[in-house]
Amino acid sequence: MTAHFPARIRAWFADTFYCDTPGQAADAMADATRWGWLPALSGVAVGADQAREKHLDSAAEPGGMSG
C-alpha cells in the first residue's frame with residue numbers, strides 16, 4: 001500500500017492540474033478568475049462591518065469627536 005500511495009498522489013495531481021487541450025485550460029482559467037474574487041470581497045465586507053461598529057462605538061463614548 002505504501003509503495004502505491006505516491007504513485008496515486010502523482011496521478012491525481014496530474015489529472016487535476018494538467019489539461020489535455022487548450023479548451024480545457026481556458027475553461028479552468030475562466031473558473032479561477034470567475035470565483036477568485038470571492039475571498040477578497042468577503043474580506044472587504046467583514047472590514048466594512050468592523051469599521052462601522054468601531055465608528056458607532058467611538059461616537060457613543062462621551063467626549064468623543066463627532067461632527
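Tutor: Start with the surface. The accessible surface of the chain comes to about 6,100 Å², and 65% of that belongs to carbon and sulfur atoms. Keep in mind that this is a predicted model.

Student: How much confidence does the predictor give: what is the mean pLDDT of the chain?

Tutor: First, the general idea. Where pLDDT is low, the predicted coordinates should not be read in detail. Here the chain has a mean pLDDT of 78, and 88% of its residues reach 70 or more. Among the elements, helix α1 (residues 4–17) has the lowest mean, 80, and α3 has the highest, 84.

Student: Which elements does the chain have, and in what order do they run?

Tutor: Three helices and zero strands. From the N terminus on, the order is α-α-α.

Student: What percentage of the residues count as buried?

Tutor: Buried means under 20% relative accessible area. Of the 67 residues in this chain, 0% count as buried.

Student: Now charges. How many salt bridges are there?

Tutor: The general idea: side chains of opposite charge can pair when their charged atoms come close. In this chain the count comes to one salt bridge. R52 forms it with D49, and their closest N and O atoms are 2.9 Å apart.

Student: Where do R52 and D49 sit along their helix?

Tutor: Both are in helix α3 (residues 38–60). R52 and D49 are three residues apart, so about one helical turn separates them.

Student: Are R52 and D49 buried, exposed or partly exposed?

Tutor: R52 is partly exposed, at 48% relative accessible area. D49 is also partly exposed, at 39%.

Student: Which residues form a nonpolar patch on the surface?

Tutor: W12, F13, F17 and Y18. Together they have about 500 Å² of accessible area. Take F13, which lies in helix α1. A patch residue needs over 30% relative accessible area. F13 has 40%, so F13 is partly exposed.

Terms used:
Residues numbered from 1 in each chain as written. Heavy atoms only, no water. Helix = DSSP H or I, 4+ residues; strand = E, 2+ residues; numbered from the N terminus. Buried < 20%, exposed > 50% of the residue type's maximum accessible area, 1.4 Å probe, protein only. Areas by Shrake-Rupley, 256 points an atom, 1.4 Å probe, with all protein chains shown as cover. Salt bridge = Lys/Arg side-chain N within 4 Å of Asp/Glu carboxyl O. pLDDT = per-residue confidence, 0-100. Patch = residues over 30% accessible without salt bridge, like charges linked within 9 Å, V, L, I, M, F, W, Y side chains within 5 Å.
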